[in-house]
Amino acid sequence: MIDTRREDRISAMLDREDIRALRQHYSALLDGNQADRIGEVFTDDAEVIVTVGSMKGLDEIKTSLRGAYQMFDSRKAGHFPFVHAIANHEITLTGRDTATGSCYLLDFVTDRPGTQHPFLLLGRYVDSYVRVNGAWRISRSELDVLWPNDDAAEA
């Protein structure tokens, strides 16, 4: 007798792990100046909302990331002067091929003197995921910046 509940739980665990790996892969591509490979992470019509605005579709996401590399790569190192660390990833499977999730972003600055604060920002990604041709992709991602928060300084 096959325990279908156990099989379903194993399948769900594997899906959540694939989604976690997807978000980590995004960070590696971002930090490694590999905007041309961002289709490995996002759907063709993905929407990404970050501190500098909104991007819709792979072409716009790639163009924006390339521009960001040029703007932020002050030492001409060929990558962002940041390390995008992901933590506390929560994933809810909402259907066979859909999910939502969130995770914390700890954005470390790597080109500051050691005596300065190492954080650029602390944030929370809120994502929607979809399985496309058997592989999970991010269809929508919004970054909520938790720190620094100008409102907190006024309190």
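Biologist: Where does Asn33 lie?
Modeller: Asn33 lies in the loop between α1 and β1. Helices (H or I, at least four residues) and strands (E, at least two) are DSSP runs, numbered from the N terminus. This is a predicted model, with residues numbered from 1 along each chain as its sequence is written. Local features need pLDDT of at least 70 and side-chain atom pairs pLDDT 80 or more, totals for chains, interfaces and linings use all residues, and side-chain values use heavy atoms, with hydrogens and water left out.

Biologist: What is the phi of Asn33?
Modeller: About 60 degrees, a positive value, although Asn33 is not a glycine. Most residues other than glycine have a negative phi, and most peptide bonds are trans.

Biologist: And how accessible is Asn33?
Modeller: Asn33 counts as partly exposed because its relative accessibility is 33%. Buried means under 20% relative accessible area, exposed over 50%, and partly exposed in between (1.4 Å probe, protein chains only).

Biologist: What about Asn88: where is it, and what is its phi?
Modeller: Asn88 lies in strand β3, and its phi is also positive, near 55 degrees. With 53% relative accessibility, Asn88 counts as exposed.

Biologist: Which peptide bond is cis?
Modeller: The one from Trp147 to Pro148 is cis, with omega near 0 degrees. Pro148 sits in the loop between β6 and α3 (150–154).

Biologist: Stepping back, how many helices and strands are there?
Modeller: The protein has three helices and six strands, and along the sequence they follow the pattern α-β-β-α-β-β-β-β-α. Of its 155 residues, 32% count as buried.

Biologist: Let's go inside. Which residues touch the most other members of the largest nonpolar core?
Modeller: Of the 30 residues in that core, they are Tyr26, Ile38, Val41, Phe42, Ile61, Leu65 and Tyr129. A nonpolar core is a set of buried Ala, Val, Leu, Ile, Met, Phe, Trp, Tyr and Cys residues joined through side-chain atoms within 4.5 Å.

Biologist: How many aromatic pairs are there?
Modeller: A search of the whole structure finds three. Tyr26 and Tyr125 form an edge-to-face pair, 6.2 Å centre to centre with 90 degrees between the planes. Rings of Phe, Tyr and Trp (its six-membered ring) pair if their centres lie within 6.5 Å; planes under 30 degrees apart count as stacked, over 60 as edge-to-face and the rest as tilted.

Biologist: Where in the chain do those two tyrosines sit?
Modeller: Tyr26 is in helix α1 and Tyr125 in strand β5, 99 residues apart. Both are buried, and together with Phe42 they form one aromatic cluster.

Biologist: What lies over the face of Tyr125?
Modeller: Arg23 does, at 3.7 Å from the ring centre. For a charge to sit over a ring, NZ of Lys or CZ of Arg must be within 6 Å of the ring centre and within 35 degrees of the ring normal.

Biologist: Is Ser141 buried or exposed?
Modeller: Ser141, in strand β6 (residues 135–147), counts as buried because its relative accessible area is 2%. Beyond four places in sequence, Ser141 touches several residues, including Arg23, Phe42 and Tyr125. Contact means heavy atoms within 4.5 Å.
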